[in-house]
Amino acid sequence: MPAETLSRYVTRNTEILSGEPIILGTRTSVRAIVGLWRLGIMPEEILNHLPHLSLAQVFDALSFYLDCQAEINEYIEQNRVPDELVHPSVRAALDAS
């Protein structure tokens, strides 16, 4: 069985993102939601960036993250773009915020 339910809206499917936790019925990773939240984007505003999600899904992803921080932080680190590969204009915009 490739899918495993982790919470009401969070699941893991070995065929999607190599089993990284995602929102049920989507290919949106918990990591992506947490990344926006860490940028200071409020959960209600995350819906502007990921309009296919519901607010309940966003909150469930954040709740899952708070329970499983080490795992999600590992996915975040594995997918981090090395500083030397970030275009200078993008780096300048990030530094200004």
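Modeller: The side chains of Arg 12 and Glu 4 form a salt bridge, with N and O 3.5 Å apart. This is a predicted model, in which local features need pLDDT of at least 70 and side-chain atom pairs count only at pLDDT 80 or more, while totals for chains, interfaces and linings use all residues. Residues are numbered from 1 along each chain as its sequence is written, and side-chain values use heavy atoms, leaving out hydrogens and water.

Biologist: What makes the pair Arg 12 and Glu 4 a salt bridge?

Modeller: The term requires a side-chain nitrogen of Lys or Arg within 4 Å of a carboxyl oxygen of Asp or Glu. The N to O distance here is 3.5 Å, so the pair qualifies.

Biologist: Which residue forms a salt bridge with Arg 12 at 2.9 Å?

Modeller: Glu 71 does. That pair joins distant parts of the chain, 59 residues apart: Glu 71 lies in helix H4 and Arg 12 in strand S2. Helices (H or I, at least four residues) and strands (E, at least two) are DSSP runs, numbered from the N terminus. Glu 4, Arg 12 and Glu 71 are linked in a network of salt bridges.

Biologist: Why is Arg 12 called buried?

Modeller: Buried means under 20% relative accessible area, exposed over 50%, and partly exposed in between (1.4 Å probe, protein chains only). Arg 12 has 18%, so Arg 12 is buried. Glu 4, at 41%, is therefore partly exposed.

Biologist: How do you know whether Ser 29 is buried or exposed?

Modeller: Its relative accessibility is 5%, so Ser 29 counts as buried.
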